[in-house]
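Have the viewer open and follow along.

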Amino acid sequence: MTSTENWLAGLETCFGGGNLVFLPETSSTNDEARRLAEEGAPEGTLVITDHQTAGRGRLDRRWEAPPGSSLLMSLLFRPPLTPAQSPQLTMMCGLAVADAIEIETGLCVGLKWPNDIVIGMAKLGGILTEIALRGERLDFAVVGIGLNINVNPADLPGEMLVPATSLSHELGTSVTRRSVLGSLLEAIERRYATLKAGHSPHLEWAARLVTVGQPVIVSVMGAVLEGVAEGVNANGALLIRQEDGGLRAIFAGDVTLRQPGH
Ligand code: BT5
């Protein structure tokens, strides 16, 4: 499938709409956005593509998307945050994705710590936030968002960590990527203004996380930890209550729900 959307026309937000770079194909929109950031591109620069030849997730995992099927984009932020607070951008963009999809399709969207967008327990998309430092300060952050719009999950190559889904798969009909993008940029613009005014999105994010309040297993760099996910802190760490009563803050890892009886 090729691009039928006119990405450049009529986006009404300053954020993303003001400086949009569309590339029919690129290695990774995050790499392109980082390159532009290093050349001094303004906050709100949006890179969007129809096809990534080296789309990636965390830990150099691959992000797969048949050409023309998905929303593949990266946004440049120069936020008034410390490096440790940068996960607030992931939270804010996850919440904005949920807003946009609910507005555009009525589907109920969940978020899964740390960066998944889910419908039920199937993965609809993911967010990859990468930061650059200047000394100890945050210089800029690139937030990459991949959303399966018109994807047949069976067409995704490789083994998925969790089952995949897409908007077209859920709805039984195709969806215009451009409409989802318009709603998403509006939601990001609105939410970013609140974040910049000093309000962390972490409590609202925690309320959306499908894992909070549940017994979970977290794998952190090869180690496995069990407990009940109690919430998150303002730096995005998942707070796990362990059996001995101790509370552990986990900053990176993969989380799965523990099945009853295990
Ligand atoms: C993520 O990583 O979920 C973040 C994905 C971010 C992708 C966007 S696309 C635009 C921008 N440019 C980039 O290069 N990246 C960003 P992670 O939590 O590590 O999940 C990666 C795992 O998700 C893979 O190992 C697969 O198991 C699975 N996966 C890959 N493609 C998928 C897809 N289309 N739908 C669902 N799951 C997928």
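Start with E4 and E5, which pair in the antiparallel sense over three bridges. Keep in mind that this is a predicted model. The two strands make a hairpin with three residues between them, and across the pairing Gly110 sits opposite Val118 in E5.

Now look at the side chains of E5. In a regular strand, side chains alternate between the two faces of the sheet. Here Asp116 and Val118 point one way, Ile117 and Ile119 point the other way, and all are buried.

Moving on from E5, the next partner is E6, running antiparallel to E5 and joined to it by four bridges. Ile119 faces Ala122 in E6 across this pairing. The hairpin of E5 and E6 has two residues between the strands, and Gly120 takes a positive phi near 60° there.

E6 (residues 122-134) in turn runs antiparallel to E7 (residues 137-148), with 10 bridges joining them.

Zoom out and you get the whole open sheet: seven strands in the order E1-E2-E3-E7-E6-E5-E4, with mixed pairing. At the edges are E1 (20-26) and E4 (110-112), each pairing on one side only. From one strand to the next, the twist averages 20°.

H4 (residues 177-196) lies across E2 (46-52), E3 and E7, running at about 25° to E3.

Conventions: Residues numbered from 1 in each chain as written. Predicted model: local features only at pLDDT ≥ 70, side-chain atom pairs only at ≥ 80, totals over all residues. Heavy atoms only, no water. Pairing = 2+ DSSP bridges. Axes fitted to C-alpha atoms, helices over the stretch in contact; angles between N-to-C directions. Contact = heavy atoms within 4.5 Å. Buried < 20%, exposed > 50% of the residue type's maximum accessible area, 1.4 Å probe, protein only.
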